[in-house]
Amino acid sequence: MSLQGAETKKLFERAAKVIPHGVNSNFRDWGPKDTLVVTRAEGAYLWDADGKRYIDYRLGFGPIILGHSYPQVVEKVSEAIRRGTTPAWTTPLEIEVAERICRMCGVDKVRLANSGTEATMHALRIARAHTGREKFIKFEGQYHGMVDYFMFSTAGTSTADLEQAGEPANVRKSKGIPDAIRDYVVNLPFNDLERVARELESNGHQIAAIFVEPIMGNVASIMPAEGWLEGLRALCDEHGVVLVFDEVKTGFRVANGGAQELFGVRADLVTYAKALGNGFPIAAVAGKDEIMMNIGPGETAHGGTYSGNSVGVAAASATLELLENEPIIETIRQRGHLLMSGIGEVFSDAGIPHALSGVPAMFGISLGLDRAPTDLRSYNKSDEQLYERIGMKLSELGVQPDADGREPWFLSYSHSEADVTETLSALETAIKEVKH
Ligand code: PLP
């Protein structure tokens, strides 16, 4: 069985001749038989080149918070394009977007960028400049973008590899990264505050920043344990370390003010991308005045030809205006609850042990576990093969979460209760067929 119909197959073969593996991101590579070519995305749906419709729960890996090609966003972007995209001066729309981010997220200052990778790269540099220190802590399974420094022990790292690496468990996740970079990063287990405290007691004077995804958006939406984020906040204060919340996935998704609002903990720097632009390329590094003001000519570098370009900025302006004025997060929360509890029931009825983690706007399912995982190593004990088989079967049936169980199910404002009902019925069928 292949997900590709005749037209999709033909296009994919053309793609693979000129684009490595036929995709412009390794994360989109489902292999030569199942990688799709998509011709349209609207609301909660995607259509492939054969006209097959999918209810989309990947949502571009998270950015689509309103729905694909959302009319007000498309309208505002079109209008902005007609007025010129890259004047290389500040525009009124940039000011408005920065003001909205400050108001919604409780930050003092914002610099714009184009991707999550850029935002986290800048956050790391700013934290180093602020502290005069060079190392940083991140957590096993966390992904902060394609920058060399972050590409250690990301989500797909096996427990065997982590164990072999020893402590800290720095497993290099790409060729082409100088081995010496390993010395700058300290990978520790998520949710283990005592381990972080020990690290800072011994090496705090060398640590510029702690980077944390408040919810593990790259490992089944694992939740922060009670006191974890508060504890990181206190330890950072004690040791003069910059606390960075990587809110590339949680920002403008789990609450209007992101995870800072949801959990009531303030970071020093925060990175945003994805839902900020509902699918248009825009990102931001934001935070406290005294830390952000390290940025400046001759001081700490930040720049980019397309930083603040009118396309991304107009998309952010429209998206944030809608978020501030319509019950978007609340609607997603209600529908997501229906979906999560329905999924739980379907797996229970099928006698498959499972644990749901995360929040309705982005949640994960770990099969074969009866308790929600708390870190990468506990997630790695789940039955990933079974998840993938069910996920592939769902795609055959026109419902598309990512087949990789680490990637959350994302919901948008455009997913209706009817979509939830269709999804649950497809899940029942998928499980029956996989069991068969
Ligand atoms: N940070 C987190 C938490 C992410 O999940 C991602 C991407 O998925 C990034 C950073 C990188 O963002 P981008 O793909 O826009 O470069």
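At what angle do the axes of helix H2 and helix H10 cross?

1. The axes of H2 (residues 71-82) and H10 (residues 310-325) cross at roughly 145° and come within 8 Å. Axes are lines fitted to C-alpha atoms, for helices over the stretch in contact, and angles run from 0 to 180 degrees between N-to-C directions. Helices (H or I, at least four residues) and strands (E, at least two) are DSSP runs, numbered from the N terminus.

2. A word on the basis: this is a predicted model, in which local features need pLDDT of at least 70 and side-chain atom pairs count only at pLDDT 80 or more, while totals for chains, interfaces and linings use all residues. Residues are numbered from 1 along each chain as its sequence is written, and side-chain values use heavy atoms, leaving out hydrogens and water.

3. H6 (residues 193-203) and H7 (residues 228-239) pack at about 10°, with axes 10 Å apart. They are therefore roughly parallel (angles under 35 degrees; over 145 is roughly antiparallel, 65 to 115 roughly perpendicular, the rest oblique). Leu-193 and Leu-200 are among the H6 residues that take part, and Trp-228 and Leu-235 among those of H7. This contact holds seven nonpolar, two polar and two charged residues.

4. The structure has 25 salt bridges (a side-chain nitrogen of Lys or Arg within 4 Å of a carboxyl oxygen of Asp or Glu). Glu-7 and Lys-10 form one, at 3.4 Å, N to O. Both sit in H1 (residues 6-18), three residues apart, about one turn of the helix. Lys-10 is exposed at 52% relative accessibility, and Glu-7 is partly exposed at 34%. The cut-offs are under 20% relative accessible area for buried, over 50% for exposed, and in between for partly exposed (1.4 Å probe, protein chains only).

5. Arg-377 and Glu-140 pair at 2.9 Å, N to O. This bridge links distant parts of the chain, 237 residues apart: H12 (residues 376-379) holds Arg-377, and the loop between strand E5 (135-139) and helix H5 (159-165) holds Glu-140. Glu-140 is buried at 3%, whereas Arg-377 is partly exposed at 25%.

6. Salt bridges also link Glu-96, Arg-100, Arg-103 and Glu-324 in a network.

Technical notes:
Contact means heavy atoms within 4.5 Å. Ala, Val, Leu, Ile, Met, Phe, Trp, Tyr, Cys and Pro count as nonpolar, Asp, Glu, Lys and Arg as charged, and the others, Gly among them, as polar.
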